[in-house]
Structure formats: structure tokens, C-alpha cells
Amino acid sequence: MKRISRAEAREKLFLARTYYRPIVLGEDDGPSGSRIAGAFPRCFEAGAPKCLRCGKLLDYFLTIEADVVGPDIANERALSVFACADANCRLESIGLAAEPPSVVAITHQPSPRSVGEPGRRLLRGHLRKERIHERFGSSRVEQSKLGGPPYWIQTSIAGDEKEAQARGLSFLLQINELELDEFTTNAGFWGGEVYLFTRMNPATGLPTLEDGRVAWNYT
Ligand SMILES: [Zn+2]
């Protein structure tokens, strides 16, 4: 395969959405960069965020940085996902429209992991061609990937996705918890799929790491 430029790769991932990159678990912890589970980033040491629905402390899930999304999309920012520890409250965030949400994405400056439980690094794989079939209730759901179209477990989400796009949000990535089970149990999830939409840059049509919106589907 001929080597493609970073600009071409971004076009295939986020504009044409004909390709994706797998997101995989690293062998070790990531003290900085994209990572999952373990201690949250140091910038949250002053106070872990609380659930906007029920007021309970949120559990840290993961952080996304330039090493996974690329420097142009990250723009020297990082984004961390937190979820309500209360299972019933989290069920309110199956779609993208929950207001207020119980699973949230917070944009911040890149920040190393705080002292505490180890987690794991998140790494991105090579560009792969999408083979589009049913995107709702699909068997393709069980994967973690950057770009391409989202594959949803719950079929009820189709309207939410269109609405999110109408609000200027763009699908960035999805994370399959079953693949990462051993390391996500301490984040309080059961096993399902986490979808991250973020603000689309109107000048380029590419997602950013700002104004993140998270949906969570369970199997
Ligand atoms: Zn809550």
C-alpha cells in the first residue's frame, strides 16, 4: 500500500469516514499520553468532578491526547472521560441527548497521571478500511477505534446521532469495554461501548478535543 500523508489519513478517518484506526491496550501503564483506568490526571487532584445529575463523585475512565488522535486534532489539549459510579444514573447517558449527562468528557491541558492505581496506555493501530454494514445493533460494535462511522449497540440512538451532528458535533472514537475489561472494572462499568463526539472545527470539518459529548451503550 502506498504511504499516505497525515492529511490524507485524516480525510479518510473523519471526512470520508471510509477508514478507521483500531485503538488497543498497551502492555504497560501510561504516565502521560492517552491512557485508561488507574489514577486520574494530576490536574484533577484539586477535586474530582461530581455528577451533574446526582452529585456523586465521578469515576475516571480514560484520557485521550495527541498520540491517539494526532496533533492537529488535539491542538495541545487533552480530554478525559468520567462516569457516574451509580449504575442507574449512568443508564441516563445511553444516548447523546441526556441533560445533564452522567458520563462526561472534560477538556484540559495535557497532564500526567496522578499517584495511585496503575492503568494502561492506549495506542492506535494502522489505518484499516471500513466495511460498512448495519451500524445499529451491529456485531461490529465490539471494537475500540478512532474515526470511521460509529457502530452502536442500541438501535434507539439513530436520532441522537443526527441531532449531535446538527449541533456541530463530530464522532471521534469508540471504546469497547469488554476488550479492556480487566482494567475498567475499577471504573465501575459493566461492559459495553463508550462513544465520544466532540466539537467539529468548521474550517476543516475535523473533530477537535473540545465540547466532548459521551454516550454509553451496554450489551
Ligand atoms: Zn450520577
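This is a predicted model: local features need pLDDT of at least 70, side-chain atom pairs count only at pLDDT 80 or more; totals for chains, interfaces and linings use all residues.
View 1. Residues are numbered from 1 along each chain as its sequence is written, and side-chain values use heavy atoms, with hydrogens and water left out.

How is empty space found? Rolling a probe the size of a water molecule over the atoms shows where empty space is left. A pocket is an open set of points, on a 1 Å grid over the protein atoms alone, where a 1.4 Å probe fits, with protein on both sides within 12 Å along at least five of seven lines; lining residues have an atom within 4 Å of a point. The largest pocket has a volume of about 390 Å³, a volume being the space filled by probe spheres set on the points, which are joined across faces, edges and corners. Of its 19 lining residues, Ile4, Arg6, Ala9, Arg21 and Arg124 lie nearest the centre. The elements giving two or more residues to this lining are α1 and α3. Which element gives the most to the lining? That is α1, with five residues. (Helices, H or I with at least four residues, and strands, E with at least two, are DSSP runs numbered from the N terminus.)

**View 2. Arg6 and Asp72 form a salt bridge.** A salt bridge is a side-chain nitrogen of Lys or Arg within 4 Å of a carboxyl oxygen of Asp or Glu. Side chains of opposite charge can pair when their charged atoms come close. In this pair, the closest N and O atoms are 3.4 Å apart. Arg6 sits in helix α1 (residues 6-15) and Asp72 in helix α3 (residues 71-74), so the bridge ties together parts that are 66 residues apart in sequence. Arg6 is exposed, at 55% relative accessible area, and Asp72 is partly exposed, at 46%. (Buried means under 20% relative accessible area, exposed over 50%, and partly exposed in between, with a 1.4 Å probe and protein chains only.) Arg10 joins in as well: Arg6, Arg10 and Asp72 are linked in a network of salt bridges. How many salt bridges does a search of the whole structure find? The count is 12.

**View 3. A salt bridge joins the side chains of Arg113 and Asp29.** The N to O distance here is 2.8 Å. Arg113 belongs to the loop between β5 (103-108) and β6 (120-124), and Asp29 to the loop between β1 (19-25) and β2 (35-36), so the pair links parts that are 84 residues apart in sequence. Is Arg113 buried or exposed? Arg113 counts as buried, at 7% relative accessibility, whereas Asp29 is partly exposed, at 23%.

**View 4. Glu161 pairs with Arg135 in a salt bridge.** Their closest N and O atoms lie 3.1 Å apart. Glu161 is part of helix α5 (residues 158-166) and Arg135 of the loop between β7 (128-129) and β8 (145-146), so parts that are 26 residues apart in sequence are tied together. With 5% relative accessibility, Glu161 counts as buried.

**View 5. Four cysteines coordinate the zinc ion.** Donors are N, O and S atoms within 2.8 Å of the metal (3.2 Å for Na, K and Ca); water is not among the atoms, so sites may look incomplete. Why is the arrangement called tetrahedral? The four donor atoms subtend angles of 100 to 116°, and four donors count as tetrahedral if all angles lie between 85 and 135 degrees. Along the chain, the donors follow the spacing C-x2-C-x29-C-x4-C. Cys51 lies in the loop between β2 and β3 (58-64) and Cys89 in helix α4 (residues 87-90), so this pair ties together parts that are 38 residues apart in sequence. Cys51 is buried, at 5% relative accessibility, and Cys89 is buried, at 9%.

**View 6. Val194 lies in strand β10 (residues 192-199).** Val194 is buried, with a relative accessible area of 4%. Val194 and Phe61 are 133 residues apart in sequence, and their C-alpha atoms are 9.9 Å apart in space.

Notes. Four donors count as tetrahedral if all angles lie between 85 and 135 degrees; four count as square planar and six as octahedral if opposite donors are over 155 degrees apart and all others between 65 and 115; anything else is irregular.
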